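The structure is shown first.

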Amino acid sequence: MRILVVEDEPLLADAVAQGLRHEAHAVDVVYDGGSALERIDVNDYDVVVLDRDVPVVHGDKVCQVLAERKAGIRVLMLTAAAGIDDRVTGLALGADDYLPKPFAFRELSARVAALGRRARPAAPPVLRRAGISLDPYRREVHRDGRYVPLSRKEFAVLAELLRADGTAVSAETLLEKAWDENADPFTHAVRMTILKLRRKLGDPPVVLTEPGVGYRIL
């Protein structure tokens, strides 16, 4: 998934981002609400992890803008205010879920994953096609019963291809979903990742190139 973390405590923001990247997500980080709105206008996020009390533009306003303009983005609101009234207010603003601070990363990760499933069309728990099975929760891939060790980027790209269910996915879409905003769109990162993925999946080849369109699973 593509995730935006909006948190004004840099150490916390970077720790959350690092943990989510370890789970094969593409994560951008900003430290204030104004920067969050700028990123949201440019990038297509699945989930926004939003601290309610960020500076410049308050998290409540960011949440309202998301609810009005970006219906497909799911919002997990974080706040030190844990009272019932605070939770109700946050949800009323348009947040999809609410997590009080302090929190365990495992819980945040599980809530982000649940929101990501709601942000996309329904998909089976284990993605399967052409003899490939990908379990997004165990982070495991098998082909014809053989375990296939993949890097985080290879795993993320394969997941996007499997979710497309045989239709072609453009290199631009793969770059958007599997890399963060620091990725250079003029590099060959997607092509090189596809090459490595093909090699690891083995023969016969199942990742096909559609010239001028993108890549798809046979």
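## Cores and helix packing

The largest nonpolar core comprises 28 residues, and Leu158 and Leu161 have the most contacts inside it. A nonpolar core is a set of buried Ala, Val, Leu, Ile, Met, Phe, Trp, Tyr and Cys residues joined through side-chain atoms within 4.5 Å; buried means under 20% relative accessible area, with a 1.4 Å probe and protein chains only. The model is predicted: local features need pLDDT of at least 70, side-chain atom pairs count only at pLDDT 80 or more, and totals for chains, interfaces and linings use all residues. Residues are numbered from 1 along each chain as its sequence is written, and side-chain values use heavy atoms, without hydrogens and water.

Elements giving two or more residues to this core include β7 (132–135), α7 (171–178) and β11 (214–217). The most is given by α6, with 7 residues. Apart from this core lies another, of 19 residues, among them Val6 and Val75.

The axes of α6 and α8 come within 10 Å and cross at roughly 85 degrees. The helices are therefore roughly perpendicular (65 to 115 degrees).

| Helix | Residues | Contact residues (heavy atoms within 4.5 Å) |
|---|---|---|
| α6 | 152–163 | Lys153, Glu154, Val157, Leu158, Leu161 |
| α8 | 189–201 | Thr193, Ile194, Lys196, Leu197, Lys200, Leu201 |

Val29 lies in strand β2 (residues 26–30) and, at 15% relative accessibility, counts as buried.

Conventions:
Axes are lines fitted to C-alpha atoms, for helices over the stretch in contact, and angles run from 0 to 180 degrees between N-to-C directions. Helices (H or I, at least four residues) and strands (E, at least two) are DSSP runs, numbered from the N terminus. Angles under 35 degrees count as roughly parallel, over 145 as roughly antiparallel, 65 to 115 as roughly perpendicular and the rest as oblique. Buried means under 20% relative accessible area, exposed over 50%, partly exposed in between (1.4 Å probe, protein chains only).
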